[in-house]
Amino acid sequence: MVEQWPFKPFVTGSNPVRPKKLHYLTFLIVCLTTNPISASTQSFKIQRDDGITLNANLSKKLKNDSVYMIVHGTRGFKTMEIIKSLEQKILHEGHDVLSINLSYGINDRNDSFLSCDIKHTHNEHESVREIINWYEYLLSKNYKKITLVGHSRGGLNIIQAAALINNKDIELHLLAPIVDTYRGTRDYYTTEHNLPYEQIIQNNEEYIISDKYPSINFLFCENAQVSSSTFRSYLDFSENRNKYPFTFDILKLLNESDNKIFIYSGTADEIVLDSYKMFKSVNSTKIDHYIIDDGDHFFRDIYLDDVIDLMFD
């Protein structure tokens, strides 16, 4: 049996590739709810260029030209507690909100955690492309101001997407973003799992890792069935600029970004331990880092209110 929840402290990485041109179709809009602040929530679907259907909820007020896109964290979904809370609080501040489901290669993926008990053949490059797909969708709806919000791995994914979008006017809000390094990732897999990390990263052979090596933990799943290409798409820190458009170390991404970025870290983060200490090496006047005393990874209780107060101060 593999672990699905609660997550253990564990560090992974990520690396997108340059997105292809989006060709999407808008499907039937289904009205879901109406809330007391004169806003409606609707379900929208678009298609990736490979035919996979993506879904999202758009909560909107009348005649609004500002929208916040929220991206969930590792194996998450658009109606999980922290995403719904963010959605409601941002909407209350007067902005439209788009909450998306990353597909992980699953057509029209439903609102539940991605199961550990699957063969992981999804690709994090596609997650970053999907964020850009939704950004282009929002542009097509004539929003004048689009802001990206990401929780945990979603925080890493939105800064990766922003580097490809290359629009310095987009603001980014990173809530408890994962902080990974080449050395930390390599040492974890070579020491804890006796896995030849460099060998897997440096070749293009396709196989299920557990068929050749001991079972590994992956995306907080124990004894996961992971393809070698999936492993590389999340954990390649080679910084090969000929192969990828930019580095995948979040600290380097932060230093290189031209966007205004806000980071929110809790001192009691139980998933990314001591992450609030890891941003000291970032040297950019475009970045504001807020430390939330006693806030955990999901900013439960009153701590999400602290984040919102800072976001809209």
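## Basis and conventions

Helices (H or I, at least four residues) and strands (E, at least two) are DSSP runs, numbered from the N terminus. This is a predicted model, in which local features need pLDDT of at least 70 and side-chain atom pairs count only at pLDDT 80 or more, while totals for chains, interfaces and linings use all residues. Residues are numbered from 1 along each chain as its sequence is written, and side-chain values use heavy atoms, with hydrogens and water left out.

## The loop between β4 and α1

H72 sits in the loop between β4 and α1. Its relative accessibility is 1%, so H72 counts as buried. Buried means under 20% relative accessible area, exposed means over 50%, and partly exposed lies in between (1.4 Å probe, protein chains only). These areas come from the Shrake-Rupley method with a 1.4 Å probe; for residues, only the protein chains shown count as cover. A polar atom of the H72 side chain lies 3.5 Å from the backbone oxygen of G76.

K78 forms a salt bridge with D111, and the closest N and O atoms are 2.7 Å apart. K78 lies in the loop between β4 (66–71) and α1, and D111 in the loop between β5 (96–100) and β6 (119–120), so this pair ties together parts that are 33 residues apart in sequence. A salt bridge here is a side-chain nitrogen of Lys or Arg within 4 Å of a carboxyl oxygen of Asp or Glu.

## Helix α1 and E87

E87 belongs to helix α1 (residues 81–92). With 3% relative accessibility, E87 is buried. Its side chain makes a polar contact with the side chain of S99 at 2.8 Å. A polar contact is a pair of N or O atoms within 3.5 Å; within protein, one must be able to donate a hydrogen and the other to accept it, and residues adjacent in sequence count only if both atoms are side-chain atoms.

E87 also pairs with K84 in a salt bridge (3.1 Å, N to O). The two residues are three apart in helix α1, so about one helical turn separates them. An α-helix has 3.6 residues a turn, so residues three or four places apart point the same way. K84 is partly exposed, at 24% relative accessibility.

## Other salt bridges

How many salt bridges does the structure hold? The count is 15. One of them joins E205 and K212, with the closest N and O atoms 3.6 Å apart. Both ends are partly exposed: E205 has a relative accessible area of 41%, and K212 has 42%. Elsewhere, salt bridges that share partners join R48, D50, E126, R129 and E130 into one network. Side chains of opposite charge can pair when their charged atoms come close.

## A negative patch

E93, D306, D309 and D313 form a negative surface patch. Patches are made of residues with over 30% relative accessible area and no salt bridge; like charges are joined within 9 Å, and nonpolar side chains (Val, Leu, Ile, Met, Phe, Trp, Tyr) within 5 Å. Asp and Glu count as negative and Lys and Arg as positive, with His and the chain ends not counted. The place of a charge is NZ of Lys, CZ of Arg, CG of Asp or CD of Glu.

D306 lies in helix α9 (residues 303–311). At 30% relative accessibility, D306 counts as partly exposed.

## Helix α7

Is helix α7 mostly covered or mostly open? Helix α7 (residues 228–235) is mostly covered, with seven of its eight residues buried. The buried residues are S228, T230, F231, R232, S233, Y234 and L235.

S281 occupies the loop between β11 (261–266) and β12 (287–292). S281 is partly exposed, at 48% relative accessibility. The C-alpha atoms of S281 and K252 are separated by 9.2 Å, and the residues are 29 apart along the chain.

The loop between β12 and α9 holds D294 and F299. Most residues other than glycine have a negative phi. D294 has a positive phi, near 70 degrees. F299 also has a positive phi, of about 50 degrees.
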